[in-house]
Amino acid sequence: MKTKKILVALAIIFLIISCKTSPFTGKKTLNAYSNETIFPMAFQQYNEFLAQNTVVKGTAEAQMVQRVGNKIAKAAERYMTALGYPNYLDEYKWEYNLVQDEAINAFCMPGGKIVVYTGILPVAQDETGLAMILGHELAHALANHGAQRMTAQQGQSIVGAVGGVALGDSRAGQLFNQYYGTASTVGAILPFSRSHESEADEIGTIIAAIAGYDPYEAPKLWERMKAQGSSGTPEILSTHPSPDTRIAALTQIAPRAEAEAKKFGVTTFK
């Protein structure tokens, strides 16, 4: 009984200390990791990734990635300042690299380390399409989605341990151990991940618009993404919203992004 109480107390403490306020929604989010903890790990992993892959340098495409990345990062700084967080990005170390890989992919590590795969450039088509991709990836870093996912996975493990100990070898305990992993993943972890993608779509489109890129191109980008085909995984079992869901959402986001950009004096787009 004493062990059960200790585990429950630890779970409650973990949830309390992991709550931080999102600068974008004003809502509490689960994030048990500080920038001081997660950024050095991310920077090291980023450097290791670059060392193990072919980084494209000096080409027109590589220069475009650098150019667009710098514009998006500057727009992010303006946006965060306007939201009342002028020093929010002080610890970020922006870096943008094009990597030779046919995968249709791009990612941003916590702290602002971005990779664009050459395979995604034909889908982007041009600088504006790339801006929408980089805006989305950069938004993941701004919203601390990496740290939140790590926290959620840690919380999933803690709750699983608490439940397993509390229920013991009873029939209920056996059922809990059998189904908890799948149920918590489908019912909590995957929706959590999909919400991150939707949030990054919105934040990223707004920032790209502030940088001078046409937000109405965002749903068009995802129409092209959809044309590349999908894994066929149902949305409920996926870490990402379906292309149709994203296209519909981005179509609604575009006018809001345009309105936000006007607040920064941006009235024409590339």
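Helices (H or I, at least four residues) and strands (E, at least two) are DSSP runs, numbered from the N terminus. The structure is a predicted model, in which local features need pLDDT of at least 70 and side-chain atom pairs count only at pLDDT 80 or more, while totals for chains, interfaces and linings use all residues. Residues are numbered from 1 along each chain as its sequence is written, and side-chain values use heavy atoms, with hydrogens and water left out.

**View 1. Overview and confidence of the predicted protein.** The protein contains nine helices and six strands. Of its 270 residues, 46% are buried (under 20% relative accessible area; exposed is over 50%, and partly exposed lies in between; 1.4 Å probe, protein chains only). Contact means heavy atoms within 4.5 Å. Among contacts between residues at least 6 apart in sequence, 73% join residues at least 24 apart. The average pLDDT (the predictor's confidence in each residue, from 0 to 100) is 80, and 69% of the residues score at least 70. Confidence is lowest in helix α1 (residues 2-17), with a mean of 45, and highest in β3, at 98. Residues 158-165 have a pLDDT below 50, and this stretch has 16 contacts in the model beyond near neighbours in sequence. Over residues 172-192 pLDDT also stays under 50, and the model has 35 contacts for them beyond four places in sequence.

**View 2. The open sheet of four strands.** The strand order is β3-β4-β6-β5, with mixed pairing; two strands pair if DSSP finds at least two bridges between them. At the edges are β3 (55-56) and β5, each of which pairs on one side only. Strands β3 and β4 (residues 95-99) run antiparallel and are joined by two bridges, with Val99 in β4 as the bridge partner of Val55. By contrast, β4 and β6 run parallel and are joined by five bridges; here Glu95 has Lys113 of β6 as its bridge partner. Helix α3 (residues 60-82) lies across β3, β4 and β6 and runs at about 150° to β4 (axes are lines fitted to C-alpha atoms, for helices over the stretch in contact, and angles run from 0 to 180 degrees between N-to-C directions).

View 3. Strand β5 (residues 106-109) runs antiparallel to β6 (residues 113-117), and four bridges join them. Phe107 stands opposite Val115, and Cys108 stands opposite Ile114. Three residues lie between the strands of the hairpin, where Gly111 takes a positive phi near 95°. In β5, Ala106 and Cys108 point one way and Phe107 and Met109 the other way, and all are buried. Both faces of β6 are covered as well: Lys113, Val115 and Tyr117 are buried on one side, and Ile114 and Val116 on the other. Five of the five residues of β6 are buried, so this strand is largely enclosed by the rest of the structure.

**View 4. Packing of α8 against α9.** Two packed helices are described by the angle between their axes and the distance between the axes. For α8 and α9 (residues 243-263), the angle is about 170° and the axes are 8 Å apart. The two helices are therefore roughly antiparallel to each other (angles under 35 degrees count as roughly parallel, over 145 as roughly antiparallel, 65 to 115 as roughly perpendicular and the rest as oblique). The contact is made by Ala218, Pro219, Trp222, Glu223 and Lys226 of α8 with Pro243, Asp244, Arg246, Ile247, Leu250 and Thr251 of α9. These residues divide into six nonpolar, one polar and four charged (Ala, Val, Leu, Ile, Met, Phe, Trp, Tyr, Cys and Pro count as nonpolar, Asp, Glu, Lys and Arg as charged, and the others, Gly among them, as polar). Within α8 (residues 217-227), the buried residues include Ala218, Pro219, Leu221, Trp222, Arg224 and Met225. Just after α8, Gly229 takes a positive phi of about 95°.

View 5. Gly204 is found in helix α7 (residues 171-210) and is buried, with a relative accessible area of 1%. Leaving aside neighbours within four places in sequence, Gly204 is in contact with Gly135, His136 and Ala139. Glu137 is 67 residues from Gly204 in sequence and 7.3 Å away in space, C-alpha to C-alpha.

**View 6. Gln125 in the loop between α4 and α5.** Gln125 lies in the loop between α4 (121-124) and α5 (127-142). The phi of Gln125 is near 75°, a positive value in a residue other than glycine. Gln125 is exposed, with a relative accessible area of 57%.
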